Amino acid sequence: MKTSSVPASFGRPNNADAPSWYAYFFGLTTGGDLIIALQQNKQDTLELIRSIPASASTFRYAPDKWTIQQVFIHLCDEERYYAYKAFCYSRQSDVNLEIPMGAKYTSDFNAGNRNMQDIAEEFESVRAATISLFRTMTTEMLDFKTFPGKEVYTARSLGWFTVGHNLHHCKVVREKYLL
């Protein structure tokens, strides 16, 4: 793997470097620097989590929807996955990293034993690790994408997707849960 000591350019993602459905999530993001976007999104998300009263944390806006707690646990779980996938791509490690999105994966959050403060602390830790990971990447690491026969991703596209995915779910919380 060719590496460089040149500082990375943390600019916007290229839509061609990700599955087509990522474009929606990229469109939710603003700015031109991934690290700044991750940091700002961290602060905004923590403010939202901390604003939710304990009495509202188990609310569902429909019977088949997650609770507010489950939404934020989902964000932590998914961010770990996206960061690990970005790590593997940045190291040119070809591993099968598709999540089997079955009912068990999306329903067993152990939310009954959690509170919003605990979830805020987890999110803060996960995001700090994500930011630390991306800060170590060179431009070559951010933009590696050559695994023949596989859907195209780059660490850069996964980083921006992390922000957009988070923005999407926070918007849903504000619009459907916190009426």
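View 1. Tyr22, Leu34, Phe134 and Met137 touch the most other members of the largest nonpolar core, which has 28 residues. The elements that give two or more residues to this core are helix 1 (22-28), helix 2 (34-51), helix 3 (68-90), helix 4 (116-135), helix 5 (139-143) and helix 6 (155-177). A second, separate core has 21 residues, including Ile68, Ile73, Leu75 and Ile119. Here a nonpolar core is a set of buried Ala, Val, Leu, Ile, Met, Phe, Trp, Tyr and Cys residues joined through side-chain atoms within 4.5 Å. Buried means under 20% relative accessible area, exposed means over 50%, and partly exposed lies in between (1.4 Å probe, protein chains only). In soluble globular proteins, nonpolar side chains tend to be buried together.

A word on the model before going on: it is predicted, so local features need pLDDT of at least 70 and side-chain atom pairs count only at pLDDT 80 or more, while totals for chains, interfaces and linings use all residues. Residues are numbered from 1 along each chain as its sequence is written, and side-chain values use heavy atoms, with hydrogens and water left out.

**View 2. The whole chain, for orientation.** Helices (H or I, at least four residues) and strands (E, at least two) are DSSP runs, numbered from the N terminus. Of the 179 residues in the chain, 47% are buried. The accessible surface comes to about 9,100 Å², and 53% of it belongs to carbon and sulfur atoms; these areas come from the Shrake-Rupley method with a 1.4 Å probe, and for residues only the protein chains shown count as cover. Among contacts between residues at least 6 apart in sequence, 79% join residues at least 24 apart. Contact means heavy atoms within 4.5 Å.

**View 3. The second largest pocket.** About 150 Å³ of space lies in this second largest pocket. Thr30, Ala37, Gln40, Asn41 and Val163 are the closest to its centre among the 13 residues that line it. Helix 2 and helix 6 each supply at least two lining residues, and helix 2 has the largest share, with five. Sorted by class, the lining has five nonpolar, six polar and two charged residues. In this sorting, Ala, Val, Leu, Ile, Met, Phe, Trp, Tyr, Cys and Pro count as nonpolar, Asp, Glu, Lys and Arg as charged, and the others, Gly among them, as polar. On a 1 Å grid over the protein atoms alone, a pocket is an open set of points with protein on both sides within 12 Å along at least five of seven lines, and lining residues have an atom within 4 Å of a point. Grid points are joined across faces, edges and corners, and the volume is the space filled by probe spheres set on the points.

View 4. Arg127 lies in helix 4 and is buried, with a relative accessible area of 0%. Leaving aside neighbours within four places in sequence, Arg127 is in contact with Leu38, Asn41, Lys42, Glu79, Thr162 and Asn166. Glu122 is also found in helix 4, and it counts as buried because its relative accessibility is 16%. Not counting residues up to four places away in sequence, Glu122 touches Cys76, Arg80 and Arg114.

**View 5. Val71 in helix 3.** Look for Val71 in helix 3, where its relative accessibility of 3% makes it buried. Val71 touches Trp66, His169, Val173 and Tyr177, not counting residues up to four places away in sequence. Val71 and Val172 are 101 residues apart in sequence and 9.4 Å apart in space, C-alpha to C-alpha.

View 6. Gln92 sits in the loop between helix 3 and helix 4. Its phi is near 55 degrees, a positive value in a residue other than glycine, and at 33% relative accessibility Gln92 counts as partly exposed. Pro148 is in the loop between helix 5 and helix 6 and counts as exposed because its relative accessibility is 75%. Pro148 and Asp94 are 54 residues apart in sequence and 9.9 Å apart in space, C-alpha to C-alpha. Ala16 belongs to the segment before helix 1 and is exposed, at 57% relative accessibility.

Terms used
On a 1 Å grid over the protein atoms alone, a cavity is a set of points where a 1.4 Å probe fits but cannot get out, and a pocket is an open set with protein on both sides within 12 Å along at least five of seven lines; lining residues have an atom within 4 Å of a point.
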